[in-house]
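Colleague: I am new to this structure and would like to learn how to read its features step by step. Could you show it to me and then take me through some of them?

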Amino acid sequence: MATSQNSSGPPDLDSSSPSDQSACSRSSNRSLRVAEIERRKNEAEDPFVLALKYFSDVEAGTPVTGNDDVERNLVAVERVAYSKGLPPEAISIMLEFAMSLRMGTSPCVRVLKCLIPATVVPQEAVVRAVVWLCVGKIPLSTQVLFIKWVLTMFDMIDAKDQLHSIYGFLFSFVTEENLVCVVMILLHLRLFRVRKLLDLQSKMGRQPFLMHLLSLYKVFCPELVTLSLPSRMKAGFRNHNSQWKSALIAVQKKNSFQVTSSVSLTVRLKDKTNPRKRKHNHLEVPALSSAVNTQTNPSSSRKLVPLVQLHSFSLLLENLHHIELPAQMGSLLGSSLALQYLDCVQDESAFLRLNFWLGHALHEEFLFCSSGVSQNSEEVLQFLDRLLSSQHFLQEGFSSTEAFLYKFLNIWDGSLLRPQILGMLSNIPVVPSSCIRQLLFEPLMQLFFTSTLFFKCGLIECLNSMLLKWLTWHSVYALEDGLDISLNSHTSINMTLSGFKDSLMELVHFVGRLASVGLQIEGCHSLLLSFILDFYETVCDMFLKYGLPLVVMPPAGVFYPALFATDPVSVDRLAHIMYRYKVNLMSAKTQEKQTEQAFHISRQTYREFNHYLVVMVNCLWNSKMFQPGMGVEMEEELLVSSKVPQYWSSFDFIHHPAFLSYAVDFHHKVGHPKPWGWYLEYLYAQGFEGLKQFVQSNISRRSTAGDGQGDGLSADQR
């Protein structure tokens with residue numbers, strides 16, 4: 001028996017008989033059935049489910065007064081709506097109940113106010129509700145409330161294609177309610193009924209809602225809207241209701257659900273815990289999304305590819321002529337591929353739409369808002385930085401930014417968002433000389449003379465960047481005949497070459513006036529002088545580097561402070577600038593002799609250059625300071641009374657305050673007198689390339705500068 005038991009081995013714990021498996025299966029099925037019965041029982045007892053069933057099955061004509069069932073079920077729906085939000089099925093049921101007026105108009109308003117979605121709003125429910133509007137039984141106040149609800153929940157509607165198809169139906173409500181205009185704006189104007197709007201405008205006058213819709217139509221079809229519209233129009237209507245919006249935000253926080261907004265002018269509510277937060281926010285760049293449902297319409301003969309579906313530059317090139325622009329053009333600022341599309345295609349309608357959105361956002365946030373703009377607002381900084389990044393990518397500014405700046409400069413204090421404002425200012429295109437003084441120079445001059453040193457430096461740097469961009473536009477977009485130049489690549493605005501030169505001369509002369517007075521105010525500060533010399537390093541090379549037939553000399557208020565500066569870098573840079581002026585003038589004079597169509601340099605320009613050249617040579621080389629005709633003259637008695645020995649050599653290469661330390665160091669190293677050329681080589685070895693270029697091109701060992709009063713370059717003969 002023992003052997004038999006051992007041979008049989010231990011029992012198999014994993015094996016079971018068929019009867020045991022059948023029993024386990026029956027037990028499992030019974031548990032599922034019990035759970036399902038319990039779930040159905042709970043659902044049947046759930047007040048919210050019972051309430052939905054009640055409003056779905058209630059018959060038309062059921063009285064409301066004295067009906068406790070209506071109150072009990074409506075309270076159950078409201079409790080869920082304000083705590084967790086209503087699911088899509090509940091939204092459909094309750095919206096159908098309210099708009100069909102089964103129990104009259106009294107519960108309709110209450111139901112609409114509690115339609116807070118938990119996730120999305122079914123498009124079919126909205127379309128069916130719109131259909132009920134044509135019945136004519138719904139009171140006007142209830143229609144208005146429904147339209148407001150649609151505006152507030154527009155971002156949460158799961159699709160928009162059917163709403164696009166009933167655009168013409170919504171258009172018929174323009175005469176009844178201005179809020180419908182907002183819906184049509186959000187639907188991106190699939191059809192244009194300009195004539196009807198103009199007729200309504202002539203009958204009803206300048207109504208705000210009609211004017212705003214006409215302004216948007218004018219962006220898309222400027223040839224149809226001949227009516228002159230005011231440049232400043234405050235918002236005529238809002239696209240949200242504060243009570244619904246606050247309830248929706250509370251539900252989203254509880255459900256941890258974040259809605260991605262596709263509306264360009266997104267509005268956030270004021271945060272009650274932060275009194276400094278702005279009530280309205282127009283500076284949020286919307287997410288890149290398709291204008292219609294992303295599913296391709298099979299009946300469409302032309303297949304469009306939404307820009308949001310492209311993720312590489314190669315795909316962009318493959319579908320370059322079949323791209324569907326996004327729903328909100330402001331979203332282009334947040335996509336490098338979208339900016340590449342704008343740069344490649346140069347779609348003028350796309351630029352018009354983008355400028356419309358951008359102009360509205362800037363005006364509403366900075367000009368029309370009475371509470372002001374916070375300089376430390378992270379949202380504002382992010383928006384402006386993104387705008388600047390987009391402009392740098394496109395290498396040109398937006399026309400809406402230009403129009404905004406012309407107005408904003410008149411109220412700007414010079415400190416609010418200074419880097420961003422100056423960055424945008426440097427990107428504006430060429431301004432005609434007839435209006436550049438009023439638009440730019442007058443407000444900037446007031447700011448310059450009343451601001452700090454650092455603002456003065458920043459403004460000079462901004463104007464230098466503006467000049468560089470204007471010169472670059474000229475060299476890139478100048479036409480072959482040299483007569484007309486296009487101001488920017490996506491418009492047809494042209495300016496004659498003479499007009500462009502006039503604007504450029506106005507800018508250079510304006511900076512010269514600012515620099516001369518600014519150096520006097522700031523005591524010839526070396527930092528300000530450095531930025532001014534940066535500007536004139538650009539000016540001196542306009543002919544050779546940018547092909548512009550124009551030479552403008554710096555004013556005396558810039559030349560002499562740079563020549564008598566106490567730091568050697570400024571004197572060295574002035575020498576380099578004078579050397580580049582000579583190279584440009586000689587090249588222009590050579591072309592003038594060789595070709596008949598070359599531009600002519602005025603005698604006054606040559607006289608100014610030769611005068612500066614004589615002053616520098618006599619001052620630095622010939623030790624003939626304070627001589628008659630030098631531009632800086634002092635009475636002999638005053639110079640003698642100063643008791644400065646050999647005052648006429650006070651500003652040569654040895655005694656000049658900027659180079660005195662180098663002369664002392666050279667004397668200590670050498671120890672005994674050495675030839676003049678040794679000292680010059682010592683200065684060159686210190687990195688003063690500008691002095692080297694100036695001396696080698698203008699001075700010979702046996703020469704000095706002549707009077708240089710002719711129309712040619714001076715010959716420097718001793």
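**A loop residue and its surroundings**

Modeller: Leu-417 is found in the loop between α19 and α20, where helices (H or I, at least four residues) and strands (E, at least two) are DSSP runs, numbered from the N terminus. This is a predicted model, in which local features need pLDDT of at least 70 and side-chain atom pairs count only at pLDDT 80 or more, while totals for chains, interfaces and linings use all residues. Residues are numbered from 1 along each chain as its sequence is written, and side-chain values use heavy atoms, with hydrogens and water left out.

Colleague: What is the phi of Leu-417?

Modeller: Most residues other than glycine have a negative phi. Leu-417, although it is not a glycine, has a positive phi of about 50 degrees. Cys-524 likewise has a positive value, near 55 degrees, and its place is in the loop between α23 (497-521) and α24 (526-539).

Colleague: How many disulfides does the structure hold?

Modeller: A disulfide is a pair of cysteine sulfur atoms within 2.5 Å, and the structure holds 0 of them.

Colleague: How should I read a whole helix, and how many residues of α19 are buried?

Modeller: Count its residues by the burial cut-offs: in helix α19 (residues 399-408), 8 of its 10 residues are buried, and the helix is mostly covered. Among the buried residues are Phe-404, Leu-405, Tyr-406 and Phe-408, and also Glu-402 and Lys-407. The buried residues of α19 pack against α17 (348-367), α18 (378-394), α20 (418-425) and α21 (436-449).

Colleague: Which residues does Leu-683 contact, leaving aside its neighbours within four places in sequence?

Modeller: Contact means heavy atoms within 4.5 Å, and by that rule Leu-683 is in contact with Phe-653, Phe-659, Tyr-662 and Phe-688. Leu-683 lies in helix α31 (residues 676-685) and is buried, with a relative accessible area of 1%. For another case, take Pro-88 in helix α5 (residues 88-100), which is partly exposed at 22% and touches Thr-119, Val-120 and Pro-122, not counting residues up to four places away in sequence.

Colleague: At what angle do α27 and α32 pack?

Modeller: Axes are lines fitted to C-alpha atoms, for helices over the stretch in contact, and angles run from 0 to 180 degrees between N-to-C directions. Helix α27 (residues 568-594) and helix α32 (residues 689-698) pack at an angle of about 45 degrees, with their axes 7 Å apart. That makes α27 oblique to α32, because angles under 35 degrees count as roughly parallel, over 145 as roughly antiparallel, 65 to 115 as roughly perpendicular and the rest as oblique.

Colleague: Which residues meet where α27 packs on α32?

Modeller: Among them are Asp-572, His-576 and Tyr-579 in α27, and Leu-691, Phe-694 and Asn-698 in α32.

Colleague: How many helices and strands are there in the protein as a whole?

Modeller: The protein has 32 helices and 4 strands, and buried residues make up 48% of its 718 residues.

Technical notes. Buried means under 20% relative accessible area, exposed over 50%, partly exposed in between (1.4 Å probe, protein chains only).
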